[in-house]
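Visitor: Could you walk me through how to read a few features of this model? I would like the general idea each time, then the case at hand.

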Amino acid sequence: MSTGRTRARAVRLTRWGGPPVLTEVAHPTPTDEQVLIQVEAAGLCRSDLHVIDARPGDLPYRLPFTLGHEVAGRVLRRGPLATGPAVGERVIVYGPWGCGSCARCAVGAENYCDRRPALDADRVGTGAGLGRDGGMADLLLVPSGRLLVPVGDLDAVRAAPLSDAGLTAHHAVTMVRHALGDGADAHVVVLGVGGLGHLAVQILRATTTARILAVDVREEALALAAECGAHFGTLLRADTARVLRDRTGGVGAVAVLDFVGSRSSLELAVAVLRAGGELAVVGSGGGEVAVRKPGVLPPGTRISLPFWGTLPELEAVAALAREGALKVGIERFALSDAAEAIERLRSGTVRGRAVLVPD
């Protein structure tokens, strides 16, 4: 399984504001519990743009580091103390790397690691492509085999986005699922049918009986929502709140999943939410909603800010994908075309998820 090389390529962020550069780095060697992954595919998402565009001091990371937190590949080598998947096994990488020993990490919730504030203060990085070397590269060194989830014969290009787009969407659905009940009379609104939203629609169809109402500013996104199982779709217009409320019989949606997080999307979320409903704000679009009592929020509203997801949830996402219930819409780019992929993502012309493949 040796690559026979002493250097590997990687897309590195070398200065805040970018652009990232494709360069060569030393071939990593795993020690202790570490595992070396031969990357087969790495997803690209808007979180990467937030990292690239950050100003000095915005993020608690040290430069330079390799981008990429959605990674699928094959175990190439293991350190002498490594556990988990064997050499040759195909895996996806769990992206949020916690301390591995606190109460949250012990149950697989490293996305909410109790020591994350200390890790941020020490500027050691909080995961793959987030201050620590990620997977937009030929090779990725993972701290421990506990962070790897086997995927069997899943296509790597479609498996890589599961580790963030799939996992974050699943986690958001999990946080509101209790409000959806067992009947078919509950309505859930999905705002933004992009890389995460189209997966949330599929997860809702596979795991709930709720009626799914999709909203986007693009006709092609609504077509994608319909393909993924949404019961209704509408463009964002001045009367969208009324249209959605009419669809719910006038009472409003029991849950809203906002994958945009802009001012307009949050205003719409508040306008269509039912009293006692759930608002999950997933997108980082810079919008704000005032929390006060009384205020604009319906009485009894519960707000959550999902961040990634847990290891058991990633296993559940992989299982849904292997069963055929979860299919990622992707556009494939060569690793050497990373700059083009980033600009396509920035311009909003990627349908589904952009995925880089070492070439």
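Guide: Let's start with aromatic rings: those of Phe, Tyr and Trp (its six-membered ring) pair if their centres lie within 6.5 Å, and planes under 30 degrees apart count as stacked, over 60 as edge-to-face and the rest as tilted. Here W16, Y61 and F65 form one aromatic cluster. This is a predicted model, where local features need pLDDT of at least 70 and side-chain atom pairs pLDDT 80 or more, while totals for chains, interfaces and linings use all residues. Residues are numbered from 1 along each chain as its sequence is written, and side-chain values use heavy atoms, leaving out hydrogens and water.

Visitor: How many aromatic pairs does that rule give?

Guide: The count comes to three.

Visitor: Why is the pair of F307 and W308 called edge-to-face?

Guide: Because their planes stand at 80°, with the ring centres 5.8 Å apart. W308 is buried at a relative accessible area of 6%, whereas F307, at 35%, is partly exposed.

Visitor: How do I read a sheet, and in what order do the strands of the open one run?

Guide: Strands (E, at least two residues) and helices (H or I, at least four) are DSSP runs numbered from the N terminus, and two strands pair if DSSP finds at least two bridges between them. In this open sheet, six strands with parallel pairing follow the order β13-β12-β11-β14-β15-β16. At the edges, β13 (232-235) and β16 (302-304) each pair on one side only. Strand β12 (residues 211-216) is joined to β13 by four bridges; A214 has G233 as its bridge partner in β13.

Visitor: Which strands does helix α6 lie across?

Guide: Angles run from 0 to 180 degrees between N-to-C directions, with axes fitted to C-alpha atoms, for helices over the stretch in contact; contact means heavy atoms within 4.5 Å. Helix α6 (residues 197-207) lies across β11 (187-191), β12 and β14 (253-258), at about 160° to β11. Helix α9 (residues 263-272) also packs on the sheet, touching β11, β12, β14 and β15 (273-281), and its direction makes about 150° with that of β15.

Visitor: Why is α6 described as largely enclosed?

Guide: Eight of its 11 residues are buried, so the rest of the structure largely encloses α6. Among those buried are H198, Q202 and L204. Their cover includes α5 (165-176) and α7 (219-228), along with β11, β12 and β14.

Visitor: And what is a nonpolar core?

Guide: It is a set of buried Ala, Val, Leu, Ile, Met, Phe, Trp, Tyr and Cys residues joined through side-chain atoms within 4.5 Å. In soluble globular proteins, nonpolar side chains tend to be buried together. The largest core here has 91 residues, and I92, L162 and L257 have the most contacts inside it. Beyond four places in sequence, L257 touches residues including A172, V188, L204 and A280. A second, separate core of 16 residues includes F232, V243, A253 and L273.

Visitor: Let's finish on T240: which backbone atom does its side chain reach?

Guide: The backbone nitrogen of R237, at 2.6 Å. T240 is found in helix α8 (residues 240-247) and is buried, at 1% relative accessible area.

How values were computed: Buried < 20%, exposed > 50% of the residue type's maximum accessible area, 1.4 Å probe, protein only. Polar contact = N/O pair within 3.5 Å; in protein donor to acceptor, adjacent residues only side chain to side chain.
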